[in-house]
Amino acid sequence: MSILLDVRNVVQTYTTARTMFGRTSEIRAVDGIDLTVREGEILGIVGESGSGKSTLGRMLLGLETPSRGEVIYRGNPMPPPHSVEWRALRAHMQLIFQDPLAALDRRMTIARQIAEPLEIHGLAKGDALRNRVAELMAKVGLRKDQANRYPHELSGGQRQRVVIARALASAPRFLVCDEPVSALDVSIQAQVVNLLRDLQERERLTMVFISHDLKVVRNICDRVAVMYLGRVVEEAPSDQIFSDPRHPYTQALVSSIPRPGQGLSGRIVLSGEPPNPANRPTGCAFHPRCRFADAQCAATQPELQRHDGHLAACLKFVRARQFAA
């Protein structure tokens with residue numbers, strides 16, 4: 001598969017507001033990520049809250065400009081936000097939001113909101129516009145009689161279907177789904193995940209699926225990148241991530257997935273909380289919580305290394321690789 005997006009050493013740094021003593025501090029939300037997204041695949045990005053998943057997603061769409069590094073879309077650098085080139089590109093890439101009620105205008109009907117991207121990009125008007133809206137509603141499983149309803153008159157799952165229909169209106173080739181099912185009940189989650197997978201296969205879409213729910217990621221994603229404190233610590237095909245995780249952080253995440261008929265034996269419980277991004281640990285950022293950490297882990301920041309289809313940033317992983325070689 002050809003490469004749709006190429007992320008090259010992107011960094012995103014924010015400066016906090018001044019304290020009463022006039023001091024500011026820098027928070028590195030994304031810390032030097034290299035990543036590729038291939039045409040037609042679903043790439044999952046997982047990690048705890050505050051790991052930088054959503055910030056990375058916004059940079060992939062050009063909604064934020066990296067402090068350093070670059071995002072290449074189909075061989076060309078991402079244009080600056082709100083430039084003429086960026087606005088032209090927006091029709092080809094869309095975002096599916098986490099909270100559908102917050103993403104929708106409560107004063108506009110469902111049909112008007114689905115039609116809005118078509119009008120903005122000049123893609124349809126008149127009868128063609130109405131037919132396209134009806135087609136999109138049918139595609140995501142909404143009924144014709146719901147066209148003139150308002151967001152508060154729909155269920156959570158129906159609102160998320162409206163958000164998906166609006167994202168598909170301009171026939172994009174690339175979708176970033178930012179926690180698209182986290183606000184939904186479990187039964188509705190399954191419906192929306194199945195809908196996204198069907199749409200991806202039917203429309204040949206490329207997706208980045210951001211989530212902290214590993215059960216959902218395992219069911220929908222082809223490849224998974226695991227983030228911790230702004231960095232990718234492991235990347236591999238989905239089946240390899242869940243059957244044979246290599247990084248200690250990934251092992252802890254995978255062990256937390258509930259399995260029918262099995263208790264909590266074997267679950268890896270991480271000690272402590274994720275570090276403050278404004279006061280990052282030395283060496284490996286995960287070492288204060290890692291059961292394998294030693295003095296070298298506290299002094300050396302590991303880089304991603306490849307072995308048996310995995311990329312993992314762990315000194316223990318590197319040592320095992322060298323020993324095996």
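Select helices H6 and H7 to begin: the two are roughly parallel to each other, a label for angles under 35 degrees. The model is predicted; local features require pLDDT of at least 70, side-chain atom pairs count only at pLDDT 80 or more, and totals for chains, interfaces and linings use all residues. Residues are numbered from 1 along each chain as its sequence is written, and side-chain values use heavy atoms, without hydrogens and water.

**The helix pair**

H6 covers residues 156-168 and H7 residues 186-203; they pack at an angle of about 20°, with axes 10 Å apart. Helices (H or I, at least four residues) and strands (E, at least two) are DSSP runs, numbered from the N terminus. Axes are lines fitted to C-alpha atoms, for helices over the stretch in contact, and angles run from 0 to 180 degrees between N-to-C directions. The crossing of H6 and H7 is right-handed, meaning that the near helix is turned clockwise from the far one by less than a right angle.

Next, display the side chains of Gly157, Gln160, Arg161, Ile164 and Leu168 in H6, which meet Ile188, Gln191, Val192, Leu195, Leu196 and Leu199 in H7. Contact here means heavy atoms within 4.5 Å. The residues of this contact divide into seven nonpolar, three polar and one charged.

**From the helices to the sheet**

H7 lies across E3 (42-46), E6 and E8 (206-210), at about 160° to E8.

Now select the whole open sheet, whose eight strands follow the order E6-E7-E8-E3-E9-E10-E12-E11 with mixed pairing. E6 and E11 (305-307) stand at the edges, each with a single partner strand, so one side of each has no neighbour in the sheet. The twist averages 20° from one strand to the next.

**Along strand E6**

Zoom to E6, residues 93-96: Met93 and Leu95 point one way, Gln94 and Ile96 the other, and all are buried (under 20% relative accessible area, 1.4 Å probe, protein chains only). E6 pairs with E7 (residues 174-178) in the parallel sense over four bridges; pairing requires at least two DSSP bridges between two strands. Val176 in E7 is the bridge partner of Leu95.

**Two further stops**

Move to E10 (residues 231-237) and E12 (residues 310-312), which pair in the antiparallel sense over two bridges. Glu234 stands opposite Ala312 in E12.

Finally, select Thr109, in the loop between H3 (100-103) and H4 (110-120). Its relative accessibility is 14%, so Thr109 counts as buried. Leaving aside residues up to four places away in sequence, Thr109 touches Ala147, Asn148, Arg149 and Tyr150.

Terms used:
Angles under 35 degrees count as roughly parallel, over 145 as roughly antiparallel, 65 to 115 as roughly perpendicular and the rest as oblique. Ala, Val, Leu, Ile, Met, Phe, Trp, Tyr, Cys and Pro count as nonpolar, Asp, Glu, Lys and Arg as charged, and the others, Gly among them, as polar. Buried means under 20% relative accessible area, exposed over 50%, partly exposed in between (1.4 Å probe, protein chains only).
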